[in-house]
Amino acid sequence: MANDVSELASIDVNELPRPASLTPRQMLEEREDVNILAPLVRCSKLPFRHLASMYETHITHTPMILAEEFSRSQIARTADFSTSRYERGVYWMRERNRKRRKLEDEDGDSVARDQAYFSDLAARPLPCANQIDATYGRLPATVQSPGEDYVLTRGILLAQFASPNGKALADAVELISTPVADTEGESLRLVDGIDLNCGCPQPWAYASGIGSGLLRKPEIVADMVRAVKDRMGWNYDVSVKIRVDTDLKLTERLVQTAIHAGANHLTIHGRTRHQASTQAVSLPSIKFAVDAAKGEVPCVGNGDIWELEDVRTMRNETGVRGVMAARGLLANPVSSRALFAGYTSTPKHAVENFVKLTMDYSLIYPLFHRHVSYMLEGTMNKYERLYFNSLDSHVAVVDYMRLRRLSL
Ligand SMILES: Cc1cc2nc3c(=O)[nH]c(=O)nc-3n(C[C@H](O)[C@H](O)[C@H](O)COP(=O)(O)O)c2cc1C
């Protein structure tokens, strides 16, 4: 395996296979261990999505976008969404093949190989994962495949919308799905599908009939899924993110109605709309929703994913195909193997990469400060935190990080 940047610099990218571009549903069905960055208002913007994608986070989401505003106003479109040709990562992902996997797992080979691969990733700053090749785009974290059943696979970006009705949603989806020409004149697909927010618990959202206001209105959810499919075609990928209900029969109805309307996958956050994020997530409720989907579509589990062990528990106890993290990734974007790449706290190089990405893409100061604050949280004492919170510009934060011997 290549170990330093000088070795990586001499890669002949023509020797790399072209990465497979899958739909979200295909990735969840055909790849093992799919790791996902949650939609995060104000936080899952371009620089942070790009950062998470450098550390084994295969699917990322935009923050929730209000569909009606998005289609009505150019100002809203500019403020709510930006992307880059290079934000999606390229990963060696293990192909899901039960027969071969079973044989290998019996002699323990594949487990040992996975451990070696990911501990190697965790030991290094993944130089390759941020390297861009003029013709190839993003390069994978390691040049060599960890094994014959690993396939080079391109990451996925989903836009999350909140909408009270099908027309507003379809209008917004059509706008965000129209390919544009980039600065080099090449056609750029902005997103790989959309997610419908049926979980936002804010009272204003509930009252406007969006987010968790849809949890007990499965017919409206179904109308919205159908409206997008009617406008964009049956192959267009639509997922639905829900919270569980106190009455699980209502969750079952929502799951089945969304699937029959054509939803391609479901994300299940294992808290009810009344539960704060400080309350523990219910894995049995997630399992109930997964069982209600009857294997008709793949499901993603969400809630309280802080370290790799939580990812394993979520998979084992609920039967989900993908695992989504929100606060765990904010605190440690290397997280789903660094929470997602196997690091227990945010490594220095992740903070450094984030600063570089915010310089490339630009990010307003309050958001920049908030992200760095999340990442450094575990490393600052009370006085350092007070000082850090008093900083008021990008330059002041960068100076502070230099003092802390981060190389920027
Ligand atoms: C700062 C923040 C912003 C969020 N924004 C959204 C959002 O835009 N859309 C959404 O569906 N959920 C949103 N959520 C909820 C998360 O996606 C996730 O469902 C929830 O935090 C549970 O996951 P966790 O326990 O890993 O944090 C947000 C959560 C946080 C902490």
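Tutor: A residue is called buried if 20 or more other C-beta atoms lie within 10 Å of its own, exposed if 12 or fewer, and partly exposed in between, with C-beta atoms placed from the backbone. This is a predicted model: local features need pLDDT of at least 70, side-chain atom pairs count only at pLDDT 80 or more, and totals for chains, interfaces and linings use all residues. Residues are numbered from 1 along each chain as its sequence is written.

Student: OK, Lys294: buried or exposed?

Tutor: Lys294 counts as exposed, because it has 10 C-beta neighbours inside 10 Å.

Student: And where is Lys294?

Tutor: Lys294 sits in the loop between H12 and strand E13 (299-302). Helices (H or I, at least four residues) and strands (E, at least two) are DSSP runs, numbered from the N terminus.

Student: What is phi of Lys294 near?

Tutor: Its phi is near 50 degrees, a positive value in a residue other than glycine. Most residues other than glycine have a negative phi.

Student: Switching to H11. Which residues in H11 are buried?

Tutor: Thr251, Leu254, Val255, Ala258, Ile259 and Ala261 are buried in H11. Seen down the axis of H11, the buried residues fall within an arc of 165 degrees (the arc of the directions from the helix axis to the C-beta atoms), so they line one face of the helix.

Student: What do the buried residues of H11 pack against?

Tutor: They pack against helix H10 (218-232), strand E11 (238-243), strand E12 (265-269) and helix H12 (283-292). Contact requires C-beta atoms, placed from the backbone, to lie within 7 Å.

Methods
Two residues are in contact if their C-beta atoms, placed from the backbone, lie within 7 Å.
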